[in-house]
Amino acid sequence: MMGAFALQTVDTELTADSVEWCPLQGCRHLLACGTYQLRRPEDPPADPQSKGRMEVEEPRVRLGRLFLYNFNENNSTHPLVEVQRKDTSAILDMKWCHIPVAGHALLGLADASGSIQLLRLVESEEKSHVLEPLSSLALEEQCLALSLDWSTGKTGRARDQPLKIISSDSTGQLHLLMVNETAPRLQKVASWQAHQFEAWIAAFDYWHTEIVYSGGDDGLLRGWDTRVPGRFLFTSKRHTMGVCSIQSSPHWEHVLATGSYDEHILLWDTRNMKQPLADTPVQGGVWRIKWHPFHHHLLLAACMHSGFKILNCQKAMGEWGPVAAGPQGRAPVPCPLALLSSSLSFYTLPGSHPRLGRDTWLQATAATTRDCGVNPEEADSTFSLLATCSFYDHALHLWEWEGNGA
């Protein structure tokens, strides 16, 4: 087991639940962090007669804030610097589009108002870059948008392939959205009931983008052909509790990873969904999973109270087990990585830094932080940088991990 070392902790003020590095060339030093805070009604007045007995209590409000950070590898003590904050409805999930759209990076947000928001990254003289609102679409009334995924996860997208988003909500529905690339805006294509309770996660098959997968609080993992909305391709009951994380491998066709509150990560061959290729217990509910963008066999998992784990899927996904683990609880790192709810993001870049090592691991595509013309696949990737966030201590963490799991 190789170790992870804490480099920086940032107080996000509200509870942090999503963190994503921009995957586009020239912008890979930018990190977005989303937060969620449930504001309870004010305490009742001291005079009991000032409020009628039958008066309805004030509803709870879900508040959120979006942060944008700049990563400066030349600053060894505080490499993450805040460049923007924006108050929003509570953020449940967010993802960067893997390709530029109309010349800009786009960030999609799933929020507690039941909407999917698109924000565009633009240059700013004062702060280098900022995110500005571009488009928003309400999925349904009285629901929370719980997750989203872009159809662009696999490198080499065909020119005629439409740009799509799949989203899930708290009523158990899935929503297929189309993004107009000329004048980027959202349009709903289809919605259907996928799960009896909350649909925690929805994800594309990056190799066959007409196929999507979903996981729900009903414990079901399902596959769908979006050309026939509402008719599932398969239903798996292999997980024994709610399914809350799914990601198609951007490197290997037919490979799918799923995680659940049952504290297991399953690896699947999508051509045979009756039995998983591998089943690994991780001692914590698996809230988020992400494939490494450079080391194709590594999978990073946020395991709630169990911290984060890095899993090696190399030997035909047969001999599969943890190759690294983050801290559990509050020891030995002063600020805990993951408590009840955590999320994570990572990436690879060549470069040199007195503390961060030669390569750092941020999020979602294999390329450099600076436009230095270096092919990351030719770089020595002994060191990796991980960005994670933990819920109850409202903290964003930066970690260095040594090793490539080979």
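Figure 1. Four strands are arranged as an open sheet in the order 10-11-12-13, and their pairing is antiparallel. Strands are DSSP runs of E with at least two residues, numbered from the N terminus, and two strands pair if DSSP finds at least two bridges between them. Strand 10 and strand 13 (186–193) are the edge strands, each pairing on one side only. From one strand to the next the twist averages 20°, where axes are lines fitted to C-alpha atoms and angles run from 0 to 180 degrees between N-to-C directions. Strand 12 (residues 173–179) pairs with strand 13 in the antiparallel sense over 7 bridges. Within this pair, Leu-174 stands opposite Trp-192 of strand 13. The structure is a predicted model in which local features need pLDDT of at least 70 and side-chain atom pairs count only at pLDDT 80 or more, while totals for chains, interfaces and linings use all residues. Residues are numbered from 1 along each chain as its sequence is written, and side-chain values use heavy atoms, with hydrogens and water left out.

Figure 2. Strand 7 (residues 106–111) and strand 8 (residues 115–124) run antiparallel and are joined by 5 bridges. Ala-110 stands opposite Ile-116 in strand 8.

**Figure 3. The hairpin of strands 23 and 24.** Strand 23 (residues 298–302) pairs with strand 24 in the antiparallel sense over 5 bridges. Leu-300 has Ile-310 of strand 24 as its bridge partner. The two strands form a hairpin with 5 residues between them, and Met-304 in the turn has a positive phi of about 55°. Strand 24 (residues 308–312) is mostly covered, with 5 of its 5 residues buried; buried means under 20% relative accessible area, exposed over 50%, and partly exposed in between, for a 1.4 Å probe and protein chains only. In a regular strand the side chains alternate between the two faces of the sheet. Both faces of strand 24 are covered: Phe-308, Ile-310 and Asn-312 are buried on one side, and Lys-309 and Leu-311 are buried on the other.

Figure 4. A cavity is a set of points, on a 1 Å grid over the protein atoms alone, where a 1.4 Å probe fits but cannot get out; lining residues have an atom within 4 Å of a point. Grid points are joined across faces, edges and corners, and a volume is the space filled by probe spheres set on the points. By this rule there is 1 cavity of 30 Å³ or more. The volume of the largest cavity is about 120 Å³. Its lining holds 13 residues, of which Lys-95, Ile-201, Ile-246, Gln-247 and Ile-289 lie nearest the centre. At least two lining residues come from each of strand 10 (145–150), strand 14 (201–204), strand 18 (243–248) and strand 22 (288–291). The lining divides into 7 nonpolar, 2 polar and 4 charged residues; Ala, Val, Leu, Ile, Met, Phe, Trp, Tyr, Cys and Pro count as nonpolar, Asp, Glu, Lys and Arg as charged, and the others, Gly among them, as polar.

**Figure 5. The surroundings of Pro-250.** Pro-250 lies in the loop between strand 18 and strand 19 (255–260). Not counting residues up to four places away in sequence, Pro-250 touches Gly-153, Lys-154, Tyr-206, Trp-207 and Trp-291, contact being defined as heavy atoms within 4.5 Å. The C-alpha atoms of Pro-250 and Asp-205 are separated by 8.8 Å, and the two residues are 45 residues apart along the chain.

**Figure 6. Loop residues with positive phi.** Most residues other than glycine have a negative phi. Gln-142, which is not a glycine, has a positive phi of about 55°. This residue belongs to the loop between strand 9 (128–138) and strand 10, and Gln-142 is exposed, with a relative accessible area of 82%. His-394 also has a positive phi, near 35°. His-394 is found in the loop between strand 29 (383–390) and strand 30 (395–402) and is partly exposed, with a relative accessible area of 27%.

Terms used. 1 Å grid on protein atoms, 1.4 Å probe; cavity = no way out; pocket = protein on both sides within 12 Å on 5 of 7 lines; lining within 4 Å.
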